[in-house]
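Hi everyone, thanks for coming. Please have a look at the sequence and the model on the screen, and then I'll walk you through a few places in it.

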Amino acid sequence: MSASFSLLGGGGWIPTVRRETTCALLSLPGALFIFDAGTGLARLLEARFQTELEGEREIHLFLSHYHLDHVAGLVYLPGILKGRTVFVHPPAAEITGVDPWETLDSLVRKPFNPTGLAGMPVDIRIEPLGEGGHSIAGVEVRARRQIHPDPSAAWRVGDLMAFCTDTAADQKSAAFACGTRLLVHEAWINGEEESDPATRQIAREAYTGHTSARQAAALAAAAEVVQLVLCHLNPLRSDDYHSGMLLAAREIFAETHILEDGEIVALQEEL
Ligand SMILES: [Zn+2]
Ligand SMILES: [Zn+2]
């Protein structure tokens, strides 16, 4: 299967000039799969993605959860995908504990936005997905509940990619992603904080709903993926800190990468 991957927003929480908040694009021959609608969704307006949007491929938008850094871009849809049909796949209530229709209705409505999702000039079809496997545009997509203050969903697309953000490190994520080519996993801290009493509390707090770069690398190794991309980077940390995360992760899993927003990665056989 010929495919490409781009992290449209590689940051968490607060968008920065360098990194918008979470959004990823998996371009498949028959469909465009978008994961999360953080502010990074806006990068689809960049010229390099015009050919992606011009085709007639089905567009599916999978949401990990409803924290605003993952859904703020829903209000950009009329500007980016006007006239198109977009299948929106929030995690089912069995994963998040909340009704997906009610939650999306309360999120995008007057007076916070001129219209609700249904009033947009985009044909939005809301199709929640529960745990287990689903056939989406002819591809097997799996969902799994993750550990986060408000539970989130991990997504797996065939043997191509697993997308795990806003989750504490969980060995079950390795089983979920096992055998995929690309694991896109969040990394909120380096992980070195654990071993220093002065910073141990930072690690404790992070681990209630997030993962360190070292933990993500260990999961990638256990899952025997080909490549790990770290996402949902902490916007309050410096570039040097993020470089340190990458080096620490590479000691555990050599094929770890941090991508620039919008960088296009071919997912070919040589990956
Ligand atoms: Zn987040
Ligand atoms: Zn979150």
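Let's begin at the metal site. Aspartate 166 bridges two zinc ions, ligand 2 and ligand 1, which lie 3.6 Å apart. Before going on, some housekeeping: this is a predicted model, where local features need pLDDT of at least 70 and side-chain atom pairs count only at pLDDT 80 or more, while totals for chains, interfaces and linings use all residues. Residues are numbered from 1 along each chain as its sequence is written, chains are lettered from A and ligands numbered from 1 in the order in which they are written, and side-chain values use heavy atoms, with hydrogens and water left out.

Which residues hold the zinc ion that is ligand 2? Its protein donors are His65 (NE2), His67 (ND1), His148 (NE2) and Asp166 (OD), 2.2 to 2.3 Å from it. Donors here are N, O and S atoms within 2.8 Å of the metal (3.2 Å for Na, K and Ca), and since water is not among the atoms, sites may look incomplete. Along the sequence, the donor residues are spaced H-x1-H-x80-H-x17-D. Histidine 148 sits in the loop between strand 8 (139–146) and strand 9 (152–157), and aspartate 166 in the loop between strand 10 (161–164) and helix 6 (171–177), 18 residues apart. Helices (H or I, at least four residues) and strands (E, at least two) are DSSP runs, numbered from the N terminus.

Are histidine 148 and aspartate 166 buried or exposed? Both are buried; that means under 20% relative accessible area, with exposed over 50% and partly exposed in between (1.4 Å probe, protein chains only). Histidine 210, in the loop between helix 7 (200–206) and helix 8, is buried too, at 14%. Between histidine 210 and aspartate 170 there are 9.9 Å in space, C-alpha to C-alpha, although they are 40 residues apart in sequence.

Two strands pair if DSSP finds at least two bridges between them. Leucine 32, for example, has isoleucine 59 in strand 4 as its bridge partner.
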